[in-house]
Amino acid sequence: MTTQGPNPVSGSFPRSDEEIAARVKAMESILVEKDLIASDAIDYMSSVFENELGPHLGARATARAWVDPEFKLFLLADATAACREIDIGGIQGEEMIVLENTEDVHNVVVCTLCSCYPWPVLGLPPNWYKYPAYRARAVRDPRGVMAEFGFDPGDDIEVKVWDSSAELRYWVLPRRPEGTEGWSEEELAALVTRDSLLGLTDATAPK
Amino acid sequence: MDGIHDLGGRHGFGPILHPDDEPVFHSEWEKTVLVMFPAMAMAGAFNLDEFRHGMEQIPPHDYITARYYEHWIDSMVHYGVERGIFDAEELERRTQYYLDNPDKELPPSSKPEMVETLKGLIASGDDYHRPNDQPAKFATGDRVTVVDGPSLGHTRRPAYVRGRTGTIATLHGSYVYPDTNAMGEGEGSEYVYTVEFSGEELWGEEGANSTVYIDLWEPYLLPA
């Protein structure tokens, strides 16, 4: 049995934001001295996740699938390759699998053991995805969880929950809302939310 | 290990607090912690499975109450000290210094080759496939039971599927095996399957009209 024992540095939870900030500065200062990190690398990578990667990418892929049947087949057969075709892909999405919502099936994505999440199409996960309540409940009470997101898939629908326990990354292709015939990809993408790409809701209905 | 991280199906956590306007980073320090992950991994401080195992060893009360990136910090400190990147006393001394001088910022530093490496990493990620000269033991449609019993090290075999019987949905190929890779016993290579479980098998009547799919490595599975 492996046990970590007491943390080699002192301090108890919950820590204040100031305490954590001080700890991180201390760690960074040592890593900089050892030439293992630099502030420009931190600025670069954090800026990519803050400004470039996010649910708008999953929304773009979804809208393409809604208007282009061939792309949709490609996406469902090999999501990684299909997304590469539209310049989406990379870390924490090296092997993506897309789950199609239909009249009969509604899919939900979770990681019960940690925080696995398809970064290339959704960016970094929100806290609620990583915190205990969602991880504990999504596999056991998916309908109750969806209700908390204001969504009811209907009693007749089979709910499939996907626990991302290995290095495959799952996300959901929501159903195209009715009343969107003739819409452009851009207009359609605006209906696709992060929560719908995780299967917690449907795509937004047109107003 | 059978730790608090293994949360699937646990009761008592209450509602999911999901504000619509959550920022990507809640504090500036979270940006640094995010990038310390690849930085320390490239420095040999840990591999992905060790990093996860480090987080699992956070005492349960702390695990539940800490902010998410504090888990990362704990695992980084754990391995950083163990592997000689951080000196525990020095880290403590500097932490106290920055706590006493909260306005003191680190001077800007530059490492252009690391920026380039990160560009490549973000664009391409990592490859966890490994060759395997043995045939896969199971095929789509086979009934399998998940190995029951405790975990003594790291595993991705959650408690809620142990001893439960399901059906192989997909064979994905052979990958790094977390149970050895996290424990200094080598990357290994084991087939990964998506296994389908009926909600009733996992949760009784409560699970009616739901199905759970989970990815499991071959050594976790027995013929049913």
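Tutor: Let's start with a strand pairing that crosses between the chains: β3(A) runs parallel to β4 of chain B (residues 210–217), and the two are joined by five bridges. Strands here are DSSP runs of E with at least two residues, helices are runs of H or I with at least four residues, and both are numbered from the N terminus. Two strands count as paired if DSSP finds at least two bridges between them. Within this pairing, A:Lys160 sits opposite B:Thr211 in β4(B).

A quick word on what you're looking at: this is a predicted model, where local features need pLDDT of at least 70, side-chain atom pairs count only at pLDDT 80 or more, and totals for chains, interfaces and linings use all residues. Residues are numbered from 1 along each chain as its sequence is written, while chains are lettered from A and ligands numbered from 1 in the order in which they are written.

Now step back to the whole meeting place. There, 77 residues of chain A are in contact with 84 residues of chain B (contact means that the C-beta atoms, placed from the backbone, lie within 7 Å). On chain A's side, the elements giving two or more residues are α1 (17–33), α2 (39–52), α7 (127–130), α8 (132–137), α9 (142–148) and our β3 (158–163). The largest share, 16 residues, comes from α1(A). Sorted by class, the side of chain A that touches chain B has 42 nonpolar, 15 polar and 20 charged residues. For those classes, Ala, Val, Leu, Ile, Met, Phe, Trp, Tyr, Cys and Pro are nonpolar, Asp, Glu, Lys and Arg are charged, and the others, Gly among them, are polar.

Of its 224 residues, 42% count as buried (20 or more other C-beta atoms within 10 Å of a residue's own; 12 or fewer is exposed, in between is partly exposed, with C-beta atoms placed from the backbone).

For another pairing, look inside chain A. β1(A) (residues 96–100) is largely enclosed by the rest of the structure, because four of its five residues are buried. β1(A) pairs in the parallel sense with β4 of chain A (residues 169–173) over five bridges, and A:Ile97 stands opposite A:Tyr170 in β4(A).

Technical notes:
Two residues are in contact if their C-beta atoms, placed from the backbone, lie within 7 Å.
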